[in-house]
Amino acid sequence: MNQDFNQPQRQSIVGILVMFAYSFQGYAKAFWPLLVIWLFKFNEINKIYFFGGILLVLGGIGIISYLKYLNFTFYIDQENDEFIITEGIFNKTKTTIQLDKIQQVNINQSLIQRLVGVYELAVDTAGSNKKEADIKAISHDLALSLKAHLLLNERKKTIDNNEIGSSIDVLNERKIVEETHFIKISFLSLLKIGITSNYVKSFFIILAFFISLFDHIKQFTGRDILHDEKIENYVDKSHIFRILLLLFIIFFTIVIIVNLVKTIFKYFDYKIARQKGSLLLSYGLLNTKSTILKPEKVQVTSITQNFFQKKMNVLGLKISQATGGENEDHKLAIEIPGCNDFEKDEILKLIFQMIPEKGIMLKPNFRKLGFSLFLSIGLPLIAYYFVRNLIMDQFPMMDYFVSFFVVFIAVIQFFLFKNNRLYIHDNFIILQSGAWDVTNRIIKPSKIQAITTSQLFWHKNINIGSLTLHTAGGNISFQLGNFAAIKQYINLWLYRMETSDSNWM
């Protein structure tokens with residue numbers, strides 16, 4: 001089916017419901033503490049004002065959603081090879097995207113979109129850290145056809161406009177034949193990766209949630225439940241350590257459960273298919289996502305594995321493409337969780353046409369370990385020394401916690417230093433780092449955009465310095481290594497940068 005995108009067109013009419021649901025969801029997330037308080041005080045508030053206010057808010061959201069739908073149009077300017085989107089209610093915005101700048105077109109479907117039978121089409125380029133175009137509600141056939149049109153310019157830039165329709169038809173007809181799933185991440189692999197990864201991230205997310213909840217309760221009730229006298233009288237001071245240990249176990253269990261559920265919901269039914277030399281990735285339980293990964297666009301490939309994952313033969317792959325900012329590359333990276341060693345090698349061979357080798361190893365000077373220990377242990381201990389007498393009256397066991405902190409941080413810093421290595425091969429540069437989760441970040445010298453070296457004047461006599469490789473998918477830094485060895489490779493990498501003709505943007 002050949003769709004005409006030369007004239008401005010709107011989204012599906014049910015897009016009004018999608019926009020309404022997303023707007024309502026956004027307001028609910030912003031004001032959920034107020035909603036919780038109102039529910040607890042439901043019998044004390046005026047019911048007429050309460051329900052009247054809710055109806056007024058819902059009516060306002062409905063009007064805004066309709067105006068957003070009415071003013072949102074998109075089309076392709078074939079003459080100038082541009083994809084154009086207009087949107088806005090009071091302030092109208094016109095977004096123009098050159099077709100040859102489009103890096104990725106994703107077709108996604110959230111639970112809300114699945115209920116009304118529409119899909120989302122998101123367009124990414126290498127010039128920003130966010131989606132340049134986001135169409136929230138179109139049919140699946142229309143999304144596939146628009147995606148093919150947007151990517152057609154990259155597949156064949158000299159194509160004649162009269163041949164576009166036939167090319168799209170051929171592409172759609174060959175789609176079923178060309179897409180063959182050669183990797184499928186099993187449910188068992190997702191279970192393994194869910195219970196063995198992201199402990200720290202999930203811990204701080206849950207901790208921030210509880211702190212925010214306690215803070216809102218204190219603001220609206222005037223009661224600090226963390227320092228409630230009834231609770232303090234109920235808890236025997238001699239049992240504080242047991243209670244803290246029990247709370248830690250409960251909290252850690254919650255972290256594992258939340259992380260496991262999040263992993264399964266996000267990456268359920270993860271399938272990887274070959275498509276014309278690219279990877280077609282599709283996954284998701286409630287929110288489904290489909291994206292194409294082109295090997296020539298890959299900037300940095302990261303392989304992460306810890307001790308438990310190694311024993312279970314699972315690992316995590318993260319692939320970074322060109323982004324608009326080095327601080328945003330982790331948000332836009334494509335993750336492939338739960339691969340085994342065989343699947344990892346197959347993916348790497350498709351991306352690099354070979355399995356990367358580590359080559360010559362450079363390791364940091366022992367001064368890096370000493371400096372890290374001083375910053376993470378020395379400075380906190382100095383600060384603790386000045387306030388110790390004040391703290392000991394309230395927390396007599398604080399010295400034991402400080403001793404545990406010193407040992408724990410020292411072990412982490414030791415393994416960070418031990419695992420920090422830079423491997424240099426003719427075709428690859430691999431940076432290894434991490435204490436528990438050991439990550440190998442792989443780049444090709446031809447993908448380097450710039451090189452920064454630095455050396456403090458007191459490091460010249462001992463021949464150590466730092467190196468930073470800048471890529472469109474983030475930076476790779478190696479500190480306090482053999483500076484003479486580092487400089488030997490810089491000219492070679494600069495030559496590779498100048499002579500490379502790869503189409504990675």
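This is a predicted model: local features need pLDDT of at least 70, side-chain atom pairs count only at pLDDT 80 or more; totals for chains, interfaces and linings use all residues.
1. Glu346 and Lys349 stand about one helical turn apart, because 3 residues separate them in helix 12. Their side chains meet in a salt bridge, 3.2 Å from N to O (a side-chain nitrogen of Lys or Arg within 4 Å of a carboxyl oxygen of Asp or Glu). Helices (H or I, at least four residues) and strands (E, at least two) are DSSP runs numbered from the N terminus. An α-helix has 3.6 residues a turn, so residues three or four places apart point the same way. Lys349 has a relative accessible area of 38% and is therefore partly exposed.

2. Residues are numbered from 1 along each chain as its sequence is written, and side-chain values use heavy atoms, with hydrogens and water left out.

3. The structure as a whole contains 8 salt bridges. One of them pairs Glu346 with Arg274, with the closest N and O atoms 3.7 Å apart. This pair connects distant parts of the chain, since Glu346 belongs to helix 12 (residues 341-352) and Arg274 to strand 8 (residues 271-275), 72 residues away. Glu346 counts as buried because its relative accessibility is 17%, whereas Arg274 is partly exposed at 35%. The classes are buried under 20% relative accessible area, exposed over 50% and partly exposed in between, with a 1.4 Å probe and protein chains only.

4. A further salt bridge is formed by Lys344 and Asp345, whose closest N and O atoms are 3.8 Å apart. Lys344 is buried, at 17% relative accessibility; Asp345, at 23%, is partly exposed.

5. Helix 13 spans residues 366-392 and includes Phe386. At Phe386 the helix bends by about 55 degrees, the bend being the angle between axes fitted to the seven residues ending there and the seven starting there. Asn365 caps the N-terminal end of this helix, placing a side-chain oxygen 2.9 Å from the backbone nitrogen of Arg367. A polar contact is a pair of N or O atoms within 3.5 Å; within protein, one must be able to donate a hydrogen and the other to accept it, and residues adjacent in sequence count only if both atoms are side-chain atoms.

6. Which residues of helix 13 are buried? They are Lys368, Leu369, Ser372, Ser376, Ile377, Tyr384 and Met392. Their cover includes helix 14 (398-419) and strand 20 (474-482), contact being defined as heavy atoms within 4.5 Å.

7. Phe386 itself is exposed, because its relative accessibility reaches 65%.

8. Asn420 occupies the loop between helix 14 and strand 15 (421-424). With 9% relative accessibility, Asn420 is buried. Its side chain reaches the backbone oxygen of Gln432 at 3.3 Å. Beyond neighbours within four places in sequence, Asn420 contacts Lys363, Pro364, Lys368, Leu431, Gln432, Ser433 and Phe478.

9. Met497 lies in helix 15 (residues 483-499) and is buried, at 18% relative accessibility. Met497 and Lys447 are 50 residues apart in sequence, yet their C-alpha atoms are 7.0 Å apart. Apart from neighbours within four places in sequence, the contacts of Met497 are Pro445, Ile448, Gln449, Ala450 and Ile451.

10. Asn463 falls in the loop between strand 18 (448-454) and strand 19 (464-471), and its relative accessible area of 29% makes it partly exposed.
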